[in-house]
Amino acid sequence: MVDSALLEGLKTGLKGEMDSVTLYTDAAGRAGGEVAAFFTELAEEEKRHFNWLLQYYRELSGGKAPARNLAAEAAAVTGRGPIVTESFIKRLAGNQHLVTAIASAVLLELNAAKHYGSMAENTTVPEVKDFFKVLAAWEKKHYEDLLKIQEESRASWFDAQNFEPF
């Protein structure tokens, strides 16, 4: 019998990944050029995470052992990381929806990294433990990249504001 805490942890991960997919897809639709490509790439990465989590959830909730070690597969897929140019920062900072998306994404990624790290510590299924470690590192990298973008875009955001009353 699988630990119910593991299943709940997988469900929490599924919800977080879906939140991220939704956020990044919406942001990509509001952006253009390199900024849209950046958000689209993040959405695709989060879809992969969702599908991997779903596979483990289905297997484990069905009483099966994991069919394969997804940690190795996840570790082999490496994102290139964002290419942040001055143009990218200005496009992002000039759109309040995108600035808000980055701020929200920073929090989602931080929460995901903490959640997966905690799950890795508390899970006894070796394949799933290793998988959570990989996901925690991946989400931490997303967090760090997004935090850097948020910090770099701050000055451009202030420059773009008129600060008129509502």
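**Entry 1: the model**

I am working from a predicted model. I keep that in mind throughout.

**Entry 2: H2 against H4**

I looked up how two helices pack. Such a pair is described by the angle between the axes and the distance between them. I took helix H2, residues 33-61, and helix H4, residues 86-93. Their axes come within 8 Å and cross at roughly 80°. An angle of 65 to 115 degrees counts as roughly perpendicular, so H2 is roughly perpendicular to H4.

Next I asked which residues make the contact. From H2 I listed Gly33, Glu34, Val35, Phe38 and Phe39. From H4 I listed Ser87, Phe88, Arg91 and Leu92. I then sorted the residues of this contact by type: five are nonpolar, two polar and two charged.

**Entry 3: the nonpolar cores**

I turned to the largest nonpolar core and found 25 residues in it. Leu6, Leu10, Leu53, Phe131 and Phe132 have the most contacts inside this core. Which helices supply at least two residues each? I noted H1 (4-30), H2, H3 (70-76), H5 (96-122) and H6 (126-160). H6 gives the largest share, seven residues.

I also found a second, separate core of 19 residues. Among its members are Leu23, Ala28, Ile89 and Leu146.

I went back to Phe131 and left out residues up to four places away in sequence. Phe131 then touches Trp52, Leu53, Tyr56, Leu70, Ala71 and Ala74.

**Entry 4: Gln55**

I picked Gln55, which sits in helix H2. Is Gln55 buried or exposed? The relative accessible area is 19%. Buried means under 20%, so Gln55 counts as buried. I set aside neighbours within four places in sequence and looked for contacts. Gln55 is in contact with Ala67, Arg68 and Leu70.

**Entry 5: Arg68**

I found Arg68 in the loop between H2 and H3. Its relative accessible area is 38%.

Last, I checked a distance. Arg68 and Ala101 are 33 residues apart in sequence. In space they are 34 Å apart, C-alpha to C-alpha.

Terms used: Residues numbered from 1 in each chain as written. Predicted model: local features only at pLDDT ≥ 70, side-chain atom pairs only at ≥ 80, totals over all residues. Heavy atoms only, no water. Axes fitted to C-alpha atoms, helices over the stretch in contact; angles between N-to-C directions. Helix = DSSP H or I, 4+ residues; strand = E, 2+ residues; numbered from the N terminus. Parallel < 35°, antiparallel > 145°, perpendicular 65-115°, else oblique. Contact = heavy atoms within 4.5 Å. Nonpolar A, V, L, I, M, F, W, Y, C, P; charged D, E, K, R; others polar. Buried < 20%, exposed > 50% of the residue type's maximum accessible area, 1.4 Å probe, protein only. Core = buried A, V, L, I, M, F, W, Y, C linked by side-chain atoms within 4.5 Å.
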